[in-house]
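Here's a quick briefing to read alongside the model. Have the viewer open and follow along.

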2 protein chains.
Amino acid sequence: MIRVIAFDADDTLWHNEHYFRDAEASFRQMLTAYHDEAWIQERLYASEMRNLGHFGYGVKSFVLSMIETAIELTEGRVSGPEIQAIIELGKNMLGHPVEMLPHVVETLAALQDRYRLMLITKGDLLDQEAKLARSGLDRYFSAVEVVSQKDEAIYRAILARHAIDPAEFLMIGNSVKSDVLPAVSLGARAVHVPYITTWIHEHVEDVDTTHFTTLEHLGLLPEWLANLESPTKED
Amino acid sequence: MIRVIAFDADDTLWHNEHYFRDAEASFRQMLTAYHDEAWIQERLYASEMRNLGHFGYGVKSFVLSMIETAIELTEGRVSGPEIQAIIELGKNMLGHPVEMLPHVVETLAALQDRYRLMLITKGDLLDQEAKLARSGLDRYFSAVEVVSQKDEAIYRAILARHAIDPAEFLMIGNSVKSDVLPAVSLGARAVHVPYITTWIHEHVEDVDTTHFTTLEHLGLLPEWLANLESPTKED
């Protein structure tokens with residue numbers, strides 16, 4: 001019996017990834033005189049991966065990686081105003097209005113009386129808090145956890161801290177790697193709700209899909225839960 | 001009767017501020033051909049304050065503010081390698097070994113059996129978690145809260161979440177503004193343990209010191225607590 005449902009935030013409740021893709025497009029445009037776009041994109045991703053241990057996830061890390069890539073790819077010739085333009089890309093990302101994904105509000109409203117709802121999100125603390133506040137969704141969640149990484153140990157610690165039995169826990173998110181697999185491997189349930197695009201870093205291959213469910217959108221969740229709790233012959 | 005003691009981390013348990021001061025000195029040195037040091041420092045602080053709402057506290061924000069200041073003060077002539085050198089200052093700050101302040105370990109060890117100990121720290125999530133892990137102090141704390149801001153509302157939320165009565169709560173830290181005053185104003189106790197230097201942003205003037213205690217170092221805390229709980233005639 002599920003008692004606690006935790007939601008990922010970025011690209012599960014609201015749009016996020018496409019702001020990164022848009023900023024990358026502007027960034028590639030800026031360096032187009034120096035290199036072809038595929039190479040710029042490849043070097044930027046290499047810089048992000050190299051910097052993950054120093055800077056972690058989030059917009060500020062992404063901006064610093066774009067700046068390093070611009071310096072590298074122009075052999076140091078990138079100008080002050082170009083660097084400033086990269087920083088402005090980041091400020092715009094941090095300040096954009098929160099665009100909710102379809103069915104989010106009615107699904108949370110439908111579930112809040114029957115389940116304890118949590119938010120578990122990875123990234124920059126201030127940015128995640130600010131987006132939650134702008135979204136107005138904070139009233140639905142009894143707990144909000146912003147974490148620097150989403151692996152089995154982190155989920156285990158969160159469940160322990162909130163005294164939640166994994167057998168009563170359901171995790172919902174758009175990332176198989178960060179939301180689904182770690183929850184499944186500690187004995188909880190997980191529902192994958194894919195976003196239109198997935199960051200290459202979150203890709204996993206050859207996933208065993210027998211242990212979790214994929215739903216096309218969040219609006220299908222209440223019915224799936226109802227079926228889970230009182231399965232009928234028709235199913 | 002105190003049951004829960006929460007500690008600030010940066011400049012309360014381990015050195016932090018002087019890494020910022022050292023990085024600022026290197027930064028001023030870099031721009032010394034363009035402006036005098038006092039002006040560089042003033043513009044950097046203005047940039048940090050302007051960016052606080054976008055980027056929050058922590059090393060990555062500081063690096064982005066240094067980069068903006070360098071672009072501004074050189075009228076865009078700052079070079080790619082100079083920007084890269086600023087980013088390296090940040091990476092060094094994030095990777096430095098944790099230098100514990102005096103008396104920290106023995107004080108935590110002395111208190112851990114009698115009180116529930118917590119860590120409440122402001123700043124970058126990944127950086128704070130990494131410093132706590134490097135310090136080896138995590139075993140003393142039953143809860144760790146990394147917050148984006150330290151005001152009365154945040155403390156109130158933390159106490160509510162952990163079901164702590166303010167009358168049983170003691171906050172310890174080096175910042176009167178962030179650690180002491182918000183705790184006192186919600187009815188808890190606070191002990192101020194000053195660090196050798198205070199960032200200008202954390203300065204407060206005309207503080208009413210009747211509602212909190214200042215101790216010269218953390219080693220004095222167990223005796224102060226013992227006195228608080230069973231005052232003797234000698235005191």
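This is a predicted model: local features need pLDDT of at least 70, side-chain atom pairs count only at pLDDT 80 or more; totals for chains, interfaces and linings use all residues.

Chain A lands on chain B through a 180° rotation with 0.0 Å of shift along the axis, at an RMSD of 0.0 Å. That's the relation of a two-fold axis.

**How the chains meet**
- The same surface serves both copies, as 100% of the contact residues of chain A recur in chain B.

**The sheet in chain A**
- Chain A has an open sheet of six strands with parallel pairing, and the order reads β3-β2-β1-β4-β5-β6.
- At its edges stand β3 (143-147) and β6 (213-214) of chain A; each has a single partner strand, so one side of each is left without a neighbour in the sheet.
- Strand β1 (residues 4-7) of chain A runs parallel to strand β2 (residues 116-122) of chain A, and four bridges join them.
- To find that pairing on screen, look for Val4(A), which stands opposite Arg116(A) in β2(A).

**The sheet in chain B**
- Chain B also shows an open sheet of six strands, ordered β3-β2-β1-β4-β5-β6 with parallel pairing.
- Here β3 (143-147) and β6 (213-214) of chain B take the edges, and one side of each lacks a neighbour in the sheet because each has a single partner strand.
- For β6(B), a partner is strand β5 (residues 189-192) of chain B: the two run parallel and are joined by two bridges.
- Val191(B) sits opposite Thr213(B) in β6(B).

**A look at Ala6(B)**
- Ala6(B) belongs to strand β1 (residues 4-7) of chain B.
- Is Ala6(B) buried or exposed? Ala6(B) has 29 C-beta neighbours inside 10 Å, and the cut-off for buried is 20 or more, so Ala6(B) counts as buried.
- Once neighbours within four places in sequence are set aside, the contacts of Ala6(B) are Met118(B), Leu119(B), Ile120(B) and Met171(B).
- Arg116(B) is 110 residues away from Ala6(B) along the chain, yet their C-alpha atoms are separated by 8.4 Å.

**Two helices in chain B**
- Helix α3 (residues 59-73) and helix α4 (residues 80-95) of chain B have axes that come within 10 Å and cross at roughly 160°.
- That angle makes α3(B) roughly antiparallel to α4(B).
- The crossing of α3(B) and α4(B) is right-handed.
- Residues of α3(B) that meet α4(B) include Phe62(B), Val63(B), Met66(B) and Ile67(B).
- On the α4(B) side, the residues involved include Ile83(B), Ile86(B), Ile87(B) and Gly90(B).

Technical notes
Residues are numbered from 1 along each chain as its sequence is written. Chains are lettered from A and ligands numbered from 1 in the order in which they are written. Copies are superposed by least squares on the C-alpha atoms of residues with pLDDT of at least 70 in both. Two residues are in contact if their C-beta atoms, placed from the backbone, lie within 7 Å. A residue is buried if 20 or more other C-beta atoms lie within 10 Å of its own, exposed if 12 or fewer, and partly exposed in between; C-beta atoms are placed from the backbone. Two strands pair if DSSP finds at least two bridges between them. Axes are lines fitted to C-alpha atoms, for helices over the stretch in contact, and angles run from 0 to 180 degrees between N-to-C directions. Angles under 35 degrees count as roughly parallel, over 145 as roughly antiparallel, 65 to 115 as roughly perpendicular and the rest as oblique. A crossing is left-handed if the near helix is turned anticlockwise from the far one by less than a right angle, and right-handed if clockwise.
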